[in-house]
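Here are some notes to read alongside the model. Take them one at a time, and keep the structure open as you go.

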Amino acid sequence: MTGRINAAVLASALVLAPALAHGAEKAAFSPAADLKWINAGIPGVDTAVVKGDMKKGASHFYLKYAGGFAAPVHHHSPDHYVTTLAGALTLVVDGKEHRLAPGSYFALLGKTAHTARCEGNEDCLMFVDAR
């Protein structure tokens, strides 16, 4: 019986070890001065990744639209959980306009089709948790 208990404890440790190691990160910092902004391949859209890989899976990144930028109807494969940080962003989802001032939150789930506009001359800055 002791052999089975030891085997179960060892198996549990092997299963939990990666999760515990992953959770070992206690803090992460990305000072604004260290962000590496790159063009997203669309004029007027820049990104700065702070964690993950936007092309391969879950990621956290800043998204910046130039003032006056307007995106046509599109969707995202991963779910997006977004906080607006600067600018006047307007999203249109299901024909309804949503004006989102700095500090606002929105989520686009299940490939929800939408348009986005950065109103005025000020850039729109957002932080995105994509999963």
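**Notes on the fold**

1. Ser59 belongs to strand β3. Setting aside residues up to four places away in sequence, Ser59 touches Lys51, Gly52, Asp53, Met54, Val128, Asp129 and Ala130; contact means heavy atoms within 4.5 Å.

2. A word on where this comes from. The model is predicted, so local features need pLDDT of at least 70 and side-chain atom pairs count only at pLDDT 80 or more, while totals for chains, interfaces and linings use all residues. Residues are numbered from 1 along each chain as its sequence is written, and side-chain values use heavy atoms, with hydrogens and water left out.

3. Now the overall plan. The protein chain has one helix and ten strands, in the sequence pattern α-β-β-β-β-β-β-β-β-β-β. Helices (H or I, at least four residues) and strands (E, at least two) are DSSP runs, numbered from the N terminus. Of the 131 residues in the protein chain, 25% are buried. Among contacts with a separation of 6 or more, 60% join residues 24 or more positions apart.

4. Look next at the six-strand sheet. This open sheet has the order β1-β2-β3-β10-β5-β8, with antiparallel pairing. Its edge strands, β1 (38-39) and β8 (105-108), each pair on one side only. Two strands pair if DSSP finds at least two bridges between them; β3 and β10 (residues 124-130) have seven, in the antiparallel sense. One of these pairs Tyr65 with Cys124 in β10.

5. There is also a four-strand open sheet, antiparallel, in the order β4-β9-β6-β7. Because β4 and β7 (96-100) stand at the edges with a single partner strand each, one side of each has no neighbour in the sheet. β6 (residues 88-93) and β7 pair over five antiparallel bridges, and Leu91 stands opposite His98 in β7. These two strands form a hairpin with two residues between them, and Asp94 in the turn has a positive phi of about 55 degrees.

6. Beyond its neighbours within four places in sequence, Pro72 is in contact with His114 and Thr115. β4 pairs with β9 (residues 114-119) over three antiparallel bridges, and Ala71 is opposite Ala116 in β9.

7. Finally, find the largest pocket, which holds about 690 Å³ of space. Its lining has 34 residues, and Thr47, Met54, Phe61, His76 and His80 are the closest to its centre. On a 1 Å grid over the protein atoms alone, a pocket is an open set of points where a 1.4 Å probe fits, with protein on both sides within 12 Å along at least five of seven lines, and lining residues have an atom within 4 Å of a point. The volume is the space filled by probe spheres set on the points, which are joined across faces, edges and corners. Strand β3 (residues 59-65) gives the most to this lining, with four residues.

Definitions and conventions
Buried < 20%, exposed > 50% of the residue type's maximum accessible area, 1.4 Å probe, protein only.
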